[in-house]
Amino acid sequence: MALWASILAPPAYWPARSACPKAMERSHPAWSYFCWKVRLPGDNTVLVAWKVGIEEGTPRMSQKVLRLLRNEVGRDFVIGDIHFKSIDLYKGLMKLGFDKTIDRVIGVGDLIDRGPGVLNGLKLLGEPWFFTVQGNHEQMLIKAYRANPSARYVAHGAGWWSAIADESKEMVIGKLESLPTVIEIESPRGLVGVVHADVPAGMSWVEFTRDISIPVVEEIALWGARADQKAPSRRCQRGLACVHGAHLDSRACSARERSCT
């Protein structure tokens with residue numbers, strides 16, 4: 001057995017834990033849950049769960065890379081920048097007949113900012129069927145908070161942040177910091193990669209995941225290459241069936257490159 005180490009135990013300075021819903025534990029017995037309450041304005045609270053899963057044969061991953069085992073019974077949906085538009089997300093999943101007991105959603109980052117669904121957006125982070133990589137919007141908020149926790153941060157659609165209770169902000173930041181930079185999904189066609197922005201030009205997927213902790217590599221993963229370094233973004237990388245990302249182009253791989261579609 002190996003721990004899915006991309007989602008680690010929370011810091012000791014977080015608030016006292018709350019009881020997790022029994023239904024949550026029953027629906028996904030392979031996961032262990034640790035729950036906290038985040039206080040929002042108007043005496044509203046959202047229960048945020050920290051999930052840790054154990055699966056037979058799962059390789060140990062670094063915090064920046066998470067590998068999901070092949071979904072043998074359900075479907076996997078890779079979804080672009082949600083930006084707190086959680087109502088639109090749920091409507092779309094409903095039309096697709098999404099079954100939360102067997103299907104999974106994998107986000108390409110930028111879950112936060114801009115949209116109105118802050119409460120449901122934060123709750124997604126505790127859903128056992130939801131996984132996401134970190135995007136540049138998460139990184140901007142993390143850096144701003146770590147530089148000055150008391151500063152008012154509203155840039156790039158982050159006006160919601162000032163509505164989060166001060167005692168809950170550290171917990172939210174810790175949760176965002178725990179998100180992997182890369183997700184790998186085992187599939188019948190091979191390994192599928194998920195990254196927010198891009199893979200450095202000329203770098204294979206194996207090299208990319210190996211070097212993801214190098215700052216310049218991680219910057220391209222979250223932001224994309226600078227104009228003077230930019231090569232055409234590809235959904236096909238050596239060693240992968242395909243790559244999904246918010247900043248990647250939408251053209252399908254050729255048959256020789258093993259199409260994602």
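The model is predicted, so local features need pLDDT of at least 70, side-chain atom pairs count only at pLDDT 80 or more, and totals for chains, interfaces and linings use all residues. Residues are numbered from 1 along each chain as its sequence is written, and side-chain values use heavy atoms, with hydrogens and water left out.

Start with the sheets. Helices (H or I, at least four residues) and strands (E, at least two) are DSSP runs, numbered from the N terminus. Two strands pair if DSSP finds at least two bridges between them. Strands of a sheet pair through backbone hydrogen bonds, either parallel or antiparallel.

E4 and strand E8 (residues 182–187) run parallel and are joined by 4 bridges. Look at Arg67: its bridge partner in E8 is Glu184.

Another open sheet has 3 strands in the order E5-E6-E7, with parallel pairing. E5 (76–79) and E7 (130–132) are the edge strands, each pairing on one side only. Strand E6 (residues 104–107) pairs with E7 over 3 bridges, in the parallel sense. Here Val105 stands opposite Phe130 in E7.

Now turn to helix H5. H5 (residues 166–177) has 12 residues. From its first C-alpha to its last, H5 reaches 17 Å, close to the 16 Å expected at 1.5 Å a residue. That expected span is 1.5 Å times one less than the number of residues. H5 is mostly covered, with 9 of its 12 residues buried. Buried means under 20% relative accessible area, exposed over 50%, and partly exposed in between (1.4 Å probe, protein chains only). Among the buried residues of H5 are Met171, Val172, Ile173 and Leu176.

Leu176 leads on to the core. A nonpolar core is a set of buried Ala, Val, Leu, Ile, Met, Phe, Trp, Tyr and Cys residues joined through side-chain atoms within 4.5 Å. The largest one has 28 residues, and Leu141, Trp160, Trp161 and Leu176 touch the most other members. Helices H2 (86–95), H3 (118–124), H4 (136–147) and H5 each give two or more residues to this core. The largest share, 4 residues, comes from H4. What does Leu176 touch, not counting residues up to four places away in sequence? The list is Ile112, Leu125, Gln134, Glu138, Leu141 and Ile142. Contact means heavy atoms within 4.5 Å.

Next come the aromatic rings. Rings of Phe, Tyr and Trp (its six-membered ring) pair if their centres lie within 6.5 Å; planes under 30 degrees apart count as stacked, over 60 as edge-to-face and the rest as tilted. The whole structure holds 8 aromatic pairs. Tyr145 and Trp161 form an edge-to-face pair, 6.0 Å centre to centre with 90° between the planes. Tyr145 sits in helix H4 and Trp161 in the loop between H4 and H5, 16 residues apart. Tyr145 and Trp161 are buried. Ring pairs also link Phe77, Tyr90, Phe98, Trp129 and Phe130 into a cluster.

Finish at Gly245, in the segment after E10. Is Gly245 buried or exposed? Gly245 counts as buried because its relative accessible area is 19%. The C-alpha atoms of Gly245 and Gly107 are separated by 8.9 Å, though these residues are 138 apart along the chain.
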